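Please keep the sequence and the 3D view at hand while reading.

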Amino acid sequence: MKFTAHIPVKTRKYGYSLCLFLLFSLALFLRLWRITQVPDITHMDEAGLGYNAWCLAHYGVDRYLNTYPIYPQNYGFGGQSPLYTYLVVLLVKAAGGSLSLFLVRLPGVLSSMLTVLSGTWLMALAFQNRKLTLSSAFLLSICPYFIMHGRIGLDCNLMLGCTTLALALLFLYLKTGKLRDLLLYSMAFGIVLYTYALSYFVVPLFLTAVTLYMLFTRKLTFRRALLSAACVCVTALPILLFLGVLLLGMPPFHFLGMTIAPIGAARISEVTGNSLGRFLHTVLEGLQMSLTYGAYPQDAVPGFWTLYPLSLPLIILGFGYALWQSWQSLLFHSKPRKISWQERQGMAEKTSASFVFLCYLAACLAAIGLAGSPQVYRINYIFIAYLYFLVLGIRVLCGGIAALCHPSLVLRGWLAGILFLCYLLSGISFIKYYFTEYSIAEITKYPNSLYMVPPNDAIEDARNREDIQDIYIDYIGVSEYLSFYFPISPYEIDRTTHGEPLEEYQLKEGYGRYHFVIDTDTPLVADNVYIVHRDNQEFATRIEASGQMRECVVYGDYVLYVL
């Protein structure tokens with residue numbers, strides 16, 4: 001007699017929910033564990049964003065004294081996206097006014113978890129398959145970029161999480177057709193425009209393409225299309241006003257208590273100056289960086305890449321299959337007289353996910369080409385498309401090989417198990433290396449203004465010495481590190497110290513006794529303190545040879561000299 005195991009439906013349901021809960025718990029742990037120690041540096045933009053948020057929380061102005069700007073000013077020539085900054089403002093207020101690296105990185109953690117949760121939901125809507133949904137949750141939890149991008153406080157990192165949620169709400173509308181869901185996904189895409197400047201290209205291009213597709217497949221009426229566009233515009237009205245001021249060269253004005261000013265106008269040339277050849281080169285460079293690794297070590301570890309080397313052929317396979325699906329869909333819909341309405345709807349259900357993600361990928365690539373600087377952190381929004389093609393590639397590989405070799409679910413299960421084991425071993429290896437050995441501070445050698453290990457203990461020591469006059473800190477001219485860790489009122493800082501070209505690094509006024517450049521021109525004066533980086537051997541030798549040194553204290557990567 002042959003016995004067949006039967007697992008009750010309720011047990012399978014609870015097992016599925018338990019697996020998702022465990023994966024989400026793992027994801028949260030990997031994003032919060034040692035959040036202030038890994039990465040082991042403070043990024044220059046983290047410092048600037050954090051100090052801006054502290055100034056806004058306490059004084060209602062950014063560090064350049066702009067009153068509640070829609071685009072907080074950053075280093076004189078650019079700005080930082082508002083959503084991340086104002087989230088930190090709320091956290092600073094909730095923490096009683098104090099500022100810390102944990103608070104600045106916390107919105108990144110929330111965005112990363114939003115990517116995991118809404119990304120899993122999105123893949124569940126797209127594939128309608130529990131095994132593929134679990135696979136998606138697993139990949140979102142352990143792939144390098146999905147872990148790394150949320151562990152550093154860069155304003156652009158919010159775009160991935162917010163875009164993933166907006167896409168999930170769009171797929172919900174494709175499934176239900178309800179007006180409520182149309183309004184939700186439209187508002188969500190309007191919010192995406194507050195996350196990063198490159199969304200100004202991605203969102204309108206994608207929504208235009210996907211709206212035309214939904215009109216073609218009768219998922220959307222023309223009146224609803226207009227309503228969706230209006231909902232996006234109303235949600236993002238301050239951003240649209242900002243773009244109007246930026247593009248038309250209008251003077252700053254106030255709107256709903258916010259300052260609408262043309263911050264970052266100089267960066268428009270990065271877009272308008274692109275030729276077709278440069279555009280294509282930038283797109284290819286962006287694809288290469290995002291699928292492997294880029295120049296910035298906070299984005300990817302070379303040996304592990306952004307999504308592990310194993311993912312590249314699977315993404316290509318999934319992309320190719322999505323193209324084939326979409327082509328078949330277009331052929332199917334091009335013969336309306338020979339098919340019924342039910343057949344057309346069935347075909348649309350099967351191919352809509354692939355077509356929507358191809359539209360989204362096309363919008364991403366257009367934004368990459370227009371931006372002109374395809375660093376991985378600047379194109380974080382593309383990774384949710386990679387996830388879809390990766391999972392689709394896994395499905396095609398397991399199903400295709402099983403069908404060719406032997407039409408058996410056993411073989412398909414073995415293939416899926418081998419892939420799971422490969423990703424699990426890769427994940428364990430990456431997590432161990434990233435959290436215990438990987439050091440951006442060691443990779444990026446002094447001098448480097450972008451990544452800093454602040455000598456806070458040494459600065460605190462110098463600040464507490466009553467007989468000291470001036471304090472020189474080896475910050476390579478970037479005063480925001482001091483402002484971030486030891487914030488003072490922006491009204492007490494001479495605004496001329498901000499806005500100097502970064503390559504000059506000569507901020508020597510406006511901070512009273514603090515100076516942020518230590519070089520051959522730095523004077524050696526009695527009763528001064530010099531906090532010198534260990535790799536600045538030339539200046540250290542000069543101090544030691546001067547005969548003026550009264551005291552020398554080592555603080556990690558820095559040496560405090562008292563003259």
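A polar contact here is a pair of N or O atoms within 3.5 Å; within protein, one atom must be able to donate a hydrogen and the other to accept it. The side chains of asparagine 536 and tyrosine 446 make such a contact, at 3.1 Å. The model is predicted.

**Overall make-up**
- The protein chain contains 21 helices and eleven strands.
- It has 563 residues, and 53% of them count as buried.
- Among contacts with a separation of 6 or more, 72% are between residues 24 or more positions apart.

**Nonpolar cores and a surface patch**
- In soluble globular proteins, nonpolar side chains tend to be buried together.
- The largest nonpolar core has 165 residues, and Phe206, Tyr381 and Ile531 have the most contacts inside it.
- Apart from this core lies another one, of eleven residues, including Tyr472, Val532, Ala540 and Tyr561.
- Leaving aside neighbours within four places in sequence, phenylalanine 206 is in contact with Leu167, Leu170, Phe189, Val356, Cys359, Tyr360 and Ala363.
- On the surface, Phe420, Leu421, Leu424, Leu425 and Ile428 form a nonpolar patch with about 460 Å² of accessible area together.
- Leucine 424 belongs to helix H17 (residues 409-436), and its relative accessible area of 32% makes it partly exposed.

**Asparagine 536**
- Asparagine 536 sits in the loop between strand E9 (529-533) and helix H21 (537-546).
- Asparagine 536 counts as buried because its relative accessibility is 10%, and buried means under 20%.
- Leaving aside neighbours within four places in sequence, asparagine 536 is in contact with Tyr446, Asp474 and Ile518.

**Salt bridges**
- Side chains of opposite charge can pair when their charged atoms come close.
- The model has ten salt bridges.
- One of them joins arginine 105 and glutamate 46, whose closest N and O atoms are 2.7 Å apart.
- This pair links distant parts of the chain, with arginine 105 in helix H4 (residues 101-127) and glutamate 46 in helix H2 (residues 44-59), 59 residues apart.
- Both arginine 105 and glutamate 46 are buried.
- Arginine 534 forms a salt bridge with glutamate 442, with the closest N and O atoms 3.2 Å apart.
- Arginine 534 lies in the loop between E9 and H21 and glutamate 442 in helix H18 (residues 440-443), so the pair ties together parts 92 residues apart in sequence.
- Arginine 534 is partly exposed at 36% relative accessible area, and glutamate 442 is partly exposed at 40%.
- Arginine 550 forms a salt bridge with aspartate 527, where the closest N and O atoms are 3.5 Å apart.
- Arginine 550 is in the loop between H21 and strand E10 (551-555) and aspartate 527 in the loop between strand E8 (514-515) and E9, so this pair ties together parts 23 residues apart in sequence.
- Arginine 550 is partly exposed, with a relative accessible area of 48%, and aspartate 527, at 29%, also counts as partly exposed.
- Salt bridges that share partners join Glu442, Arg534 and Asp557 into one network.

**Two further residues**
- Lysine 219 is in the loop between helix H9 (199-216) and helix H10 (222-235), and is buried, with a relative accessible area of 16%.
- The side chain of lysine 219 reaches the backbone oxygen of leucine 174 at 3.1 Å.
- Leucine 26 is in helix H1 (residues 9-32) and is partly exposed, at 31% relative accessible area.
- The C-alpha atoms of leucine 26 and isoleucine 142 are separated by 8.5 Å, although these residues are 116 apart along the chain.

Methods: Residues numbered from 1 in each chain as written. Predicted model: local features only at pLDDT ≥ 70, side-chain atom pairs only at ≥ 80, totals over all residues. Heavy atoms only, no water. Helix = DSSP H or I, 4+ residues; strand = E, 2+ residues; numbered from the N terminus. Buried < 20%, exposed > 50% of the residue type's maximum accessible area, 1.4 Å probe, protein only. Core = buried A, V, L, I, M, F, W, Y, C linked by side-chain atoms within 4.5 Å. Contact = heavy atoms within 4.5 Å. Patch = residues over 30% accessible without salt bridge, like charges linked within 9 Å, V, L, I, M, F, W, Y side chains within 5 Å. Areas by Shrake-Rupley, 256 points an atom, 1.4 Å probe, with all protein chains shown as cover. Salt bridge = Lys/Arg side-chain N within 4 Å of Asp/Glu carboxyl O.
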